[in-house]
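Have a look at the structure first, and then we can go through the details together.

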Amino acid sequence: MRRLKTGYAYHGNRMPQHVETDLRDMAAHDTNLVVHMLSHTDWDRHLNVMKEIVAMTEGYGMEAWIDNWGIGGPPGDKDHFLAYHPEAHMIYSDGSLAPVHACLNHPAFRQFTKEWVDAVAYIGGKKIFWDEPHLPKQHPDGGDIYTCTCPVCRKIFKERYGYDMPLHPNADVEAFRTDTIVDYFSEVTEYAAKKGIENAVCVMLGDHGVNLDSIDRLCSLPSLQDVGSDPYWLGSGVDPYEFVYKGARRNIEVSEKFGKEHNIWIQTYKNPVGSEEEIIAATEAAYDAGARTIIAWGYYGSTSNDYRAKNPEVVRAKTAEAFRRIWDRERDRVIQESRARLGITV
């Protein structure tokens with residue numbers, strides 16, 4: 001039987017005494033998983049603190065996943081890699097610079113990622129959460145421009161397809177973009193696996209290079225154990241229960257097809273005042289869809305960020321209530337199965 005996991009993304013605090021207070025609060029409210037960011041700044045300035053935080057998390061009986069937050073570009077904090085390797089910038093097809101994105105094909109960035117994995121191993125991370133891999137596009141004047149078309153990518157593309165990369169994407173370009181993401185993750189997840197670290201990924205629902213509709217090749221990687229998505233509903237004018245249920249079902253079907261675990265995310269940031277009850281509906285929807293790893297982004301309504309919920313205290317309370325509700329359902333289900341197996345009626 002797959003164990004229910006509920007948890008939070010946790011970032012914005014590196015003071016151990018305050019982290020411990022938050023971890024104690026999580027552990028007391030049906031949490032057994034925390035996703036910790038390890039940004040480039042964390043790596044440079046907080047590495048031993050992060051080692052302490054991971055150990056503290058596990059000391060409260062919770063799993064600690066490590067997020068590649070901003071490593072090589074958004075989502076997340078900006079890293080410092082491109083200051084040392086400006087030649088490794090992603091380039092848009094019109095020749096403009098992608099200022100904070102590193103090229104996934106550049107050898108220097110792949111080596112940098114492996115060194116980051118070494119840092120994950122040092123702090124005691126047992127599972128890496130590769131956060132929303134994508135290659136950005138822009139849409140000026142109604143025509144797409146895309147990444148990456150740096151010299152490294154142009155050389156690979158021409159050798160593979162026999163012509164120069166075009167200004168606007170075509171079928172070969174889209175295939176190349178998917179190949180780039182898959183090849184990068186094949187290399188870095190295998191490197192992590194050799195260190196005994198598991199790998200999870202979360203992909204977006206839209207058109208960003210890899211999504212739930214184009215994820216087959218990424219799911220085929222033997223070094224990737226867990227595939228998730230984030231059906232965030234706020235701002236789209238949709239029914240949260242229906243939207244999250246359908247998104248979670250799509251994700252679970254993909255995961256099951258490839259024999260992978262799954263992770264489904266609940267939006268606990270940017271929540272307007274008065275919308276907090278939707279967190280309960282969304283969490284119930286994920287559970288009803290079959291999700292058994294359900295994670296909120298982020299802890300306490302993401303209060304350490306400018307994109308925080310408008311009322312973080314209410315969001316914290318509603319998220320804790322949502323987790324309690326599905327844990328109660330899970331406990332009841334397990335008990336009923338045990339009673340049925342033993343022929344006990346009550």
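Helices here are DSSP runs (H or I, at least four residues), numbered from the N terminus. Their axes are lines fitted to C-alpha atoms over the stretch in contact, and angles run from 0 to 180 degrees between N-to-C directions. The model is predicted, with local features needing pLDDT of at least 70 and side-chain atom pairs counting only at pLDDT 80 or more, while totals for chains, interfaces and linings use all residues. Residues are numbered from 1 along each chain as its sequence is written, and side-chain values use heavy atoms, leaving out hydrogens and water.

| Helix pair | Angle | Axis distance |
|---|---|---|
| α9 (residues 240-257) and α10 (residues 277-288) | about 30° | 8 Å |
| α10 and α11 (residues 312-342) | about 30° | 8 Å |

The α9 and α10 angle makes these helices roughly parallel (angles under 35 degrees count as such). Tyr241 and Val244 are among the α9 residues in contact (heavy atoms within 4.5 Å) with α10, where Ala281 and Ala285 are among the partners. (Ala, Val, Leu, Ile, Met, Phe, Trp, Tyr, Cys and Pro count as nonpolar, Asp, Glu, Lys and Arg as charged, and the others, Gly among them, as polar.)

On the α11 side, α10 is roughly parallel to α11. The residues of α10 that meet α11 include Ile280 and Tyr287, and those of α11 include Phe323 and Arg329. That contact has seven nonpolar, two polar and nine charged residues.

Conventions:
Helix = DSSP H or I, 4+ residues; strand = E, 2+ residues; numbered from the N terminus. Parallel < 35°, antiparallel > 145°, perpendicular 65-115°, else oblique.
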